[in-house]
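Keep the structure open alongside and follow along.

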Amino acid sequence: MGQFLRRLLLIDLIEGLWVTFRYQRPKHIYTEQYPAERPKVAERYRGAPRLNVNPETGETLCIACNLCALACPENLIVVSSERNEKTRRKELTHFTYDISRCMFCGLCEDACPVDALELTQDFELASYTREGAIWDRQMLEEGPRPTRYPY
Amino acid sequence: MPDSTYLDATELVLNMGPQHPSTHGVLRVILKLDGEKVLGTECVIGYLHRGVEKIGENRTYAQFAPYVDRMDYVASVSNGLGYCLAVEKLLGVEVPPRAQAVRVILTELNRIASHLIWLGTHALDVGAITPLFYTMREREEILKIYEKYCGARLTTHAFRIGGLQYELYEGFEQEVRAFCEMFLPKVDEYEELLTGNRIWIARLKNVGVLTAEDCKAYGVTGPMLRASGVEWDLRKAQPYSGYEQYDFKIPTGVNGDSYDRYLVRMEEMRQSVRIIRQALDGLPGGAILGKVPKVIKPPVGEVYVSIEAPKGELGYYLVSDGSTQPYRVRVRPPSFVNLQALDKMCRGALVADVVVIIGTIDIVLGEVDR
């Protein structure tokens, strides 16, 4: 009898609708106004790669050991170096990183023995050309420059 | 008069998908119809084939780990756990207890996230749009925890062979506890929206019935098997990663229809919260990475390890030839095997039920096609 009355009075539907109406207050709004307010991503976020430089001298921290290139599952890192005759040490000449093939797994930064290569919190990586997704050493050291549109 | 008009055309072959919103990706189902009645179905898969198993043969063991996340992309942590367990068994590496407990917490969170996606999209298929927004909102909290823990939201690469790469961040325990606190009333809320709803019941009850014998014959695992009344859960049957320490129930159904599967999955989410709480209470200290050699070179041999993924039994079969790369990687994805039962369930049903049945299997095409 109770079940019959519940069905007749549409109680099951009203209960469901009541849940919906409980969430009508403005404090339940979850929409993010993306370009206007940028989300703060977590500290460990794996985004755009960066090649760290010594903040005082501006010299690269990279020792051109090639371990990141070996660790990368997609083989997208190319490191080239030449031996400095004076100091008898390898010095970095070129460093390219193809972010169009990168899956941001973080294996390269795990492999880096001197914390030179790091995945940062930048996540705006779009570019107008495929070549724009291949980052050279300068881009990796200075960081991406996403186009900012006035609005 | 012609012999037959189009009104007499009893049998009709219809393509459903691959661009159909209710096939959860790029599944193509060829339907043979008699009016509204389904006479038979045939699945055409492979639209999302990326050759993950072949990629595995050309990567080192550590390098392949990020790829397994991309098979079942709504439950990537479970995929990572299964792969890491397989390689660890091949290597004979012991995982420290702290790493095991953290793995359990993260995979159970992932089970909740996967079931939330399933609930939202399944309800959306049936016509209830509201639950999707609510489930996405709760899933976001889980993804935030993942992002803070390992730096990615979906394709997490959270585990490494031998344990974990990252130590827990400060405030992890409080956040997970707060999530558990917040989440249980929300499950009741979803139930309020759906369980008693007459449309929901009419669309799901006695739709897509699979008996226990059918399930066993097709190799169906996971919530679908449990909804048919078989109490089979790999977490209890062959515990891995320290699941034997935790106290939880295996929810089972009676009828094996879509409605029972819905109830089983709802109860599984509650049980996952129970496991997470127990794991947090007994979180041991110590190392997070076992003794793994720098270059992973397992001895010659083969291993099969399976875990209870949100969708069923997820197995990894690895063959090692003694080099740094696996000789063969074979994945037994739960969705692929569960999808076989689609034809059995659809026969005699209506076209509208096909959508419900595809939803109730809980397939992810990334995993079906690999």
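B:Glu108 sits in helix 4 of chain B. This is a predicted model, so take everything below as computed from predicted coordinates. Is B:Glu108 buried or exposed? Counting C-beta neighbours inside 10 Å gives 30 for B:Glu108, so the residue counts as buried; the cut-off for that label is 20 or more. Setting aside neighbours within four places in sequence, B:Glu108 is in contact with B:Ser272, B:Ile275 and B:Ile276. There's also B:Pro310, which is 202 residues away along the chain, yet its C-alpha atom is 8.7 Å from that of B:Glu108.

Now for the helix around that residue. Helix 4 of chain B runs over residues 97–126. With 30 residues at 1.5 Å each, helix 4 of chain B should span 44 Å, and the 43 Å between its end C-alpha atoms agrees with that. How much of helix 4 of chain B is buried? The count is 27 of the 30 residues, so helix 4 of chain B is largely enclosed by the rest of the structure. Just past the end of helix 4 of chain B comes B:Gly127, with a positive phi of about 125 degrees.

Two helix partners of helix 4 of chain B are worth a look. One is helix 3 of chain B, residues 76–91: the two axes come within 8 Å and cross at roughly 140 degrees. On the helix 3 side the contact uses B:Val77, B:Ser78 and B:Leu81, while helix 4 of chain B brings B:Arg103, B:Leu106, B:Thr107 and B:Asn110. By type, the residues of this contact are three nonpolar, three polar and one charged.

The other partner is helix 14 of chain B, residues 351–361, whose axis comes within 9 Å of that of helix 4 of chain B and crosses it at roughly 175 degrees. Helix 4 and helix 14 of chain B are therefore roughly antiparallel to each other. Here B:Thr121, B:His122, B:Asp125 and B:Val126 of helix 4 of chain B meet B:Val355, B:Val356, B:Gly359 and B:Thr360 of helix 14 of chain B. This contact divides into three nonpolar, four polar and one charged residue.

Next up is helix 2 of chain B, residues 61–68, where eight of eight residues are buried. Among them are B:Tyr61, B:Phe64, B:Pro66 and B:Tyr67. What do the buried residues of helix 2 of chain B pack against? Within chain B they pack against helix 1 (52–57), helix 3 and strand 8 (326–332), and from chain A they meet helix 4 (107–111).

That brings in the other chain. Between the two chains, 20 residues of chain A are in contact with 21 residues of chain B. On the side of chain A that touches chain B, the elements giving two or more residues are helix 2 (11–22) and helix 4 of chain A. Helix 2 of chain A gives the most, with six residues. The chain A side is made up of eleven nonpolar, three polar and six charged residues.

Stepping back, here are the two chains in outline.

| Chain | Helices and strands | Span along principal axes | Buried residues |
|---|---|---|---|
| Chain A | five helices, five strands | roughly 95 × 40 × 30 Å | 21% of 151 residues |

Chain A follows the pattern α-α-β-α-β-β-α-β-β-α along its sequence. Its radius of gyration is 26 Å, well over the 15 Å that the globule rule gives for 151 residues, so chain A is more spread out than a compact globule. In chain A, 67% of the contacts between residues at least 6 apart in sequence join residues at least 24 apart.

Of the chain B contacts with a separation of 6 or more, 71% are between residues 24 or more positions apart.

Definitions and conventions:
Residues are numbered from 1 along each chain as its sequence is written. Chains are lettered from A and ligands numbered from 1 in the order in which they are written. This is a predicted model: local features need pLDDT of at least 70, side-chain atom pairs count only at pLDDT 80 or more; totals for chains, interfaces and linings use all residues. Two residues are in contact if their C-beta atoms, placed from the backbone, lie within 7 Å. Axes are lines fitted to C-alpha atoms, for helices over the stretch in contact, and angles run from 0 to 180 degrees between N-to-C directions. Helices (H or I, at least four residues) and strands (E, at least two) are DSSP runs, numbered from the N terminus. Ala, Val, Leu, Ile, Met, Phe, Trp, Tyr, Cys and Pro count as nonpolar, Asp, Glu, Lys and Arg as charged, and the others, Gly among them, as polar. A residue is buried if 20 or more other C-beta atoms lie within 10 Å of its own, exposed if 12 or fewer, and partly exposed in between; C-beta atoms are placed from the backbone. The expected span of a helix is 1.5 Å times one less than its number of residues. Angles under 35 degrees count as roughly parallel, over 145 as roughly antiparallel, 65 to 115 as roughly perpendicular and the rest as oblique. The radius of gyration is taken over C-alpha atoms; the globule rule is 2.2 Å times the number of residues to the power 0.38.
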